[in-house]
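Subject: Structure handover

Hello,

Here is the structure I said I would pass on. Please open it first and then read the notes below.

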Amino acid sequence: MSNAYAFSLLCDEFDQFNELAKDWDAEFKALSSPSTESIQLFQSHSGKTQISYAHFDMAVNQRAIAPTETRNIAILPPNHPDLYWCGKHITGGQALLFNKSGEMESISKQGFEVFSLSVPEEWLKQSANSTRSINIGPEEQVIQCDKNDIANVYTKLSNLSKHIRSNTAADADTSALQDATLFETLSSLFESASHQPFSLAKERRMKVLGDALHLIHTKRERLPISEICHYTKVSERTLERLFKSILGLSPKKYLNQFLLQEAYNYLKSSAPADATVMAIAHRLGFTHLGQFAADYYRYFHELPSSTLNK
């Protein structure tokens, strides 16, 4: 890893955050429009390890690549809203070990909160071998832990992040404390862990959802729900229940919000001389411009033409 550093970020608007994050190896899309859009981020490199914290007030679709010279593990607080992460249904009280490539995608509900740790792979293997809890391979794994143990780990990580924030300059003592705390965290997690593979039924549900999202994100146009059902080989009722139970949205509403976000991205990045609202709306499958403008205004609090002419 690089030399030690730390930073904190607090944004009140999602657009402001996206502008700051545009050079990161990540992509963020808002899936809801709450009354507040507070986003908190914190990250600290020690030179050997990294700890990150994120909190989003809105539902968010994230795609990112974590540091690949280390292994990355994400820890949700107890009683956290369920989310869809790397093709798996994750609940509070669980930790997720990323695959070795560091690639991840998550779809979270409002109130998403997570600590992410990047540590040397030998630390993971040492902790796992000492507790004989799980086998560390290249694929992602869900680590099921006792919720009380997760709560204790979360408190330790919160105290560590507060301590790092209070030190304006990174120093050797702070870096050493971070490394020691993260190693202790791994030991606690693997001591608590009883790795339980998902049932085939649940794996099947996650695959259906993953396939549906892949189709939506690849096509980037208004699709009949029947086409999504045909692609995923499930009934419309099953697809509806699956989306609502995991994402909190119906397939139709998720598709509409995704396409509205795509429209916003096109409008914001286009010059008025090179594009029109009608052309962009039709490109994404919005055939009724009046309804498109009304939905767009309700979601972004401005007209499509205002976004284009900014």
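**Salt bridges**

The structure holds 9 salt bridges, a salt bridge being a side-chain nitrogen of Lys or Arg within 4 Å of a carboxyl oxygen of Asp or Glu. This is a predicted model, in which local features need pLDDT of at least 70 and side-chain atom pairs count only at pLDDT 80 or more, while totals for chains, interfaces and linings use all residues. Residues are numbered from 1 along each chain as its sequence is written, and side-chain values use heavy atoms, with hydrogens and water left out.

One of the salt bridges joins R71 and E121, at 2.9 Å from N to O. R71 is in strand β6 (residues 71-75) and E121 in helix α2 (residues 121-131), 50 residues apart, so the pair links distant parts of the chain. Helices (H or I, at least four residues) and strands (E, at least two) are DSSP runs, numbered from the N terminus. R71 counts as buried, at 1% relative accessibility, and E121 is buried too, with 15%. Buried means under 20% relative accessible area, exposed over 50%, and partly exposed in between (1.4 Å probe, protein chains only).

K156 and E184 form another salt bridge, at 2.6 Å from N to O. This pair also links distant parts of the chain, with K156 in helix α3 (residues 147-166) and E184 in helix α4, 28 residues apart. K156 is partly exposed at 34%, and E184 is partly exposed at 39%.

D211 and K207 meet in a salt bridge of 2.8 Å, N to O. Both lie in helix α5 (residues 200-219), 4 residues apart, about one turn of the helix. Finally, K29, R220 and E262 are linked in a network of salt bridges.

**The sheet**

Five strands make an open sheet with antiparallel pairing, in the order β2-β5-β10-β7-β8; two strands pair if DSSP finds at least two bridges between them. β2 (26-30) and β8 (88-90) stand at the edges with a single partner strand each, so one side of each has no neighbour in the sheet. Between β2 and β5 (residues 60-65) there are 5 bridges, and A30 stands opposite V60 in β5. Helix α8 (residues 251-269) packs on the sheet and touches β2, β5 and β10 (103-108), where contact means heavy atoms within 4.5 Å.

F190 is in helix α4 (residues 172-192). It is buried, with a relative accessible area of 1%.

Regards

Methods: Axes fitted to C-alpha atoms, helices over the stretch in contact; angles between N-to-C directions.
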